[in-house]
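Colleague: I would like to go through this model with you. Shall we take the packing and then the backbone?

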Amino acid sequence: MAFRNQQSFIDLLEKEGELLRISSYVNPHLEIAEITDRISKEPGGGKAILFENTGYEFPVLMNAYGSERRICLALGVSRLDDVAAEIEGLFKLLSSPKEGILDKLKLLPKLSQFASWMPRVKSGRGECQEVVITDNPDIGKLPVITCWPKDGGPFVTLPVIHTKDPNNNIRNVGMYRMQVFGPALTGMHWHKHKVSAKHFSEYKKLGKRMPVAVALGGDPVYAYSATAPLPENVDEYMLAGFLRKKKVDLVKCITQPEIEVPADADFIIEGYVDPSDELIWEGPFGDHTGYYSLPDWYPRFHITAITHRRNPVYPATIVGIPPQEDAWLGKATERIFLAPIKMTMVPEILDMDMPVEGVFHNLVITKIRKEYAGQAQKVMNAMWGAGQMMFNKILVVSDEGSSITDYRSLAQYISANLDVASDISFSQGPMDVLDHSCSKLGFGGKMSIDGTRKMEEEIRDNAVTPSDTPMPGADFFTSRFPEISTVNLSLLADRISCMIVSVRKQRPGHIRELHQALAALPEMAQVKVVLFVEHTVDAGDLTVALWRFCNNLDPKRDNILVQRNNAVACLGLDGTMKTREFDGFQRDWPNIIVADDDTIRSVDDKWEGLGIGRFIASPSLKFKDQMYGQEAVAETPGR
Ligand SMILES: Cc1cc2nc3c(=O)[nH]c(=O)nc-3n(C[C@H](O)[C@H](O)[C@H](O)COP(=O)(O)O)c2cc1C
């Protein structure tokens with residue numbers, strides 16, 4: 001279903017009881033983010049919020065995609081799986097044998113439907129150009145939010161960024177945050193692996209200025225499409241047209257006429273990036289991982305015009321400690337891209353899931369139809385070569401014997417099938433720029449866990465059958481090892497052979513020694529995996545412990561395998577923070593993202609006047625004690 005514009009989406013949200021309006025004043029500096037964090041972490045993702053009184057001319061829309069229902073409304077489907085099924089149907093139709101003329105003729109209606117979804121460039125101006133500002137355009141007139149206290153400044157967080165490959169004129173539409181530095185200057189935070197970063201290097205080679213245009217608002221499908229990991233040279237507006245079942249109408253920008261933008265957008269920010277400019281020190285920014293991404297050098301974006309429709313709404317999002325709205329954008333990608341992965345690279349894949357604790361790439365679970373030995377490793381190789389799946393850190397492969405979404409029974413199944421000495425593969429490759437655990441930016445370790453039922457060829461000759469030695473209680477461990485703060489034995493009690501230990505690391509090699517000492521205990525004979533997290537993390541809080549663990553682990557660097565006589569092998573994985581002093585780690589280590597006391601207090605004081613129902617306490621309160629230092633954005637590696 002196509003929306004005429006963002007306003008008709010807002011109207012639908014309201015009609016469906018999915019929108020909160022706040023008419024009292026809320027400051028875009030930190031307060032909008034704090035209120036959104038409280039609402040979006042409510043069970044089911046809360047509601048979308050329209051902040052009508054921002055002290056600026058324009059209202060701000062937040063959390064519009066932040067639940068299963070709202071992402072479906074935005075994409076105009078009743079279930080995300082329907083999109084995947086439709087894509088699979090299309091692939092099958094196109095690839096099935098076409099013997100006779102009749103078979104070929106049957107394709108024609110589909111092909112003409114295809115054509116009707118292709119973007120079209122209209123002549124003249126669009127709604128997005130009802131108001132045109134070319135003299136001294138000032139992004140400071142837009143209610144650009146500052147999300148977190150240690151952010152480098154205000155950031156545009158839902159920008160739909162348009163660039164073109166200068167060699168073939170093919171468009172890319174991507175979402176890359178923009179830090180505001182001045183009335184006509186922002187950063188352009190495209191990571192080195194992303195398509196617009198590639199366009200940038202092409203312009204650099206040619207010594208030419210790079211025209212760029214940024215759309216905000218319009219049909220909500222645009223922002224989703226900008227985040228979708230489409231192959232380079234596939235236009236995101238084809239995906240948008242397919243999803244909304246209507247072509248996207250584009251118009252030429254006014255000061256950057258090489259670039260076309262959606263006619264129905266709320267705002268367009270036109271400008272250019274000059275590859276001969278000095279880069280700008282961008283960040284920090286409270287990011288998807290739940291940690292700050294630390295400052296780095298990125299291109300400058302010079303604004304040449306701002307245009308907007310009459311009565312536009314400024315859309316934004318916050319990212320931070322999960323769950324957040326971005327989890328639903330990620331869920332849509334997980335569901336929609338299952339079909340292309342299956343049809344092009346991994347035909348045995350039946351399903352996949354990216355748990356929220358893994359913040360997209362860190363943890364991906366797949367379920368396959370297994371027919372031969374080594375198939376999990378074949379899937380691993382294919383997945384790590386599939387587009388942005390290259391950023392995946394931990395890949396779990398299971399099979400038809402398991403349910404992929406019932407995590408408890410899945411973990412039991414995998415645990416029963418797992419011999420950690422032979423079923424875990426370590427590798428290395430490109431990693432997300434946001435991954436702070438890598439010793440080098442954007443390059444690090446990966447791990448795949450083969451939790452499938454084993455075939456004869458896959459069973460080691462000297463494999464040991466697990467014993468059912470009873471486990472002692474947590475006191476047994478904390479009394480013997482004073483560095484251990486908390487132990488989670490609940491998984492073991494549930495027939496999942498994994499324990500979580502939070503530990504105060506005090507010297508180089510400490511986690512290795514501790515793991516070896518633990519694994520040598522006869523009481524540990526049944527334990528296959530020990531996950532270590534730092535002492536500030538409560539090992540008993542499974543969700544938080546897993547989120548911290550997945551972020552902090554470089555699996556290739558941080559694993560300790562202990563082979564034991566008469567007991568199964570035991571793998572330790574060090575998910576604690578890394579420092580130069582104890583780990584030889586040379587990069588700064590970012591802090592987790594927590595709201596500051598002043599903002600929490602001011603929102604507490606305002607809450608009743610917001611008229612949005614019962615008081616919700618700040619989610620940040622739970623994490624205050626887990627920060628490395630209240631004031632620090634990063635821990636220096638020397639600590
Ligand atoms: C809210 C949000 C913000 C994002 N910000 C960035 C960013 O600042 N830089 C970046 O490289 N990717 C960012 N991403 C991820 C990209 O949008 C995503 O990888 C997309 O597929 C990139 O498009 P491309 O393949 O055309 O480069 C963000 C995603 C979301 C959902």
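Modeller: Contact here means heavy atoms within 4.5 Å. Bear in mind that this is a predicted model.

Colleague: Is helix 9 largely enclosed or open, and how many of its residues are buried?
Modeller: Helix 9 covers residues 326–336. Its buried residues include Asp326, Glu334 and Arg335 as well as Leu329 and Ile336. They pack against helix 3, helix 4, helix 7, helix 8, helix 10 and strand 21. Helix 9 is largely enclosed by the rest of the structure, because the buried residues number eight of the eleven.

Colleague: Is helix 4 parallel or oblique to helix 5?
Modeller: The axes of helix 4 (residues 80–95) and helix 5 (residues 101–116) come within 11 Å and cross at roughly 130 degrees. That angle therefore makes the pair oblique.

Colleague: Which residues of helix 5 meet helix 4?
Modeller: Helix 4 passes helix 5 in a left-handed crossing. By class, the contact has five nonpolar, no polar and one charged residues. Helix 4 supplies Leu90, Leu93 and Leu94, and they meet Leu107, Lys110 and Phe114 of helix 5.

Colleague: How far apart in space are alanine 567 and valine 464, C-alpha to C-alpha?
Modeller: Alanine 567 sits in strand 30. It counts as buried because its relative accessibility is 10%, and buried means under 20%. Alanine 567 touches Val464 and Ala525. Although 103 residues separate alanine 567 from valine 464 in sequence, their C-alpha distance is 6.1 Å.

Colleague: Is leucine 30 buried or exposed?
Modeller: Leucine 30 lies in the loop between strand 1 and helix 2. Its phi is positive, about 75 degrees, although it is not a glycine. With a relative accessible area of 8%, leucine 30 is buried.

Colleague: What is omega for the peptide bond between proline 322 and proline 323?
Modeller: Proline 323 is in the loop between strand 20 and helix 9. The bond joining proline 322 to proline 323 is cis, with omega about 0 degrees.

Note on methods: Residues are numbered from 1 along each chain as its sequence is written. This is a predicted model: local features need pLDDT of at least 70, side-chain atom pairs count only at pLDDT 80 or more; totals for chains, interfaces and linings use all residues. Side-chain values use heavy atoms; hydrogens and water are left out. Axes are lines fitted to C-alpha atoms, for helices over the stretch in contact, and angles run from 0 to 180 degrees between N-to-C directions. Helices (H or I, at least four residues) and strands (E, at least two) are DSSP runs, numbered from the N terminus. Angles under 35 degrees count as roughly parallel, over 145 as roughly antiparallel, 65 to 115 as roughly perpendicular and the rest as oblique. A crossing is left-handed if the near helix is turned anticlockwise from the far one by less than a right angle, and right-handed if clockwise. Ala, Val, Leu, Ile, Met, Phe, Trp, Tyr, Cys and Pro count as nonpolar, Asp, Glu, Lys and Arg as charged, and the others, Gly among them, as polar. Buried means under 20% relative accessible area, exposed over 50%, partly exposed in between (1.4 Å probe, protein chains only). Lists of a residue's contacts leave out its neighbours within four places in sequence.
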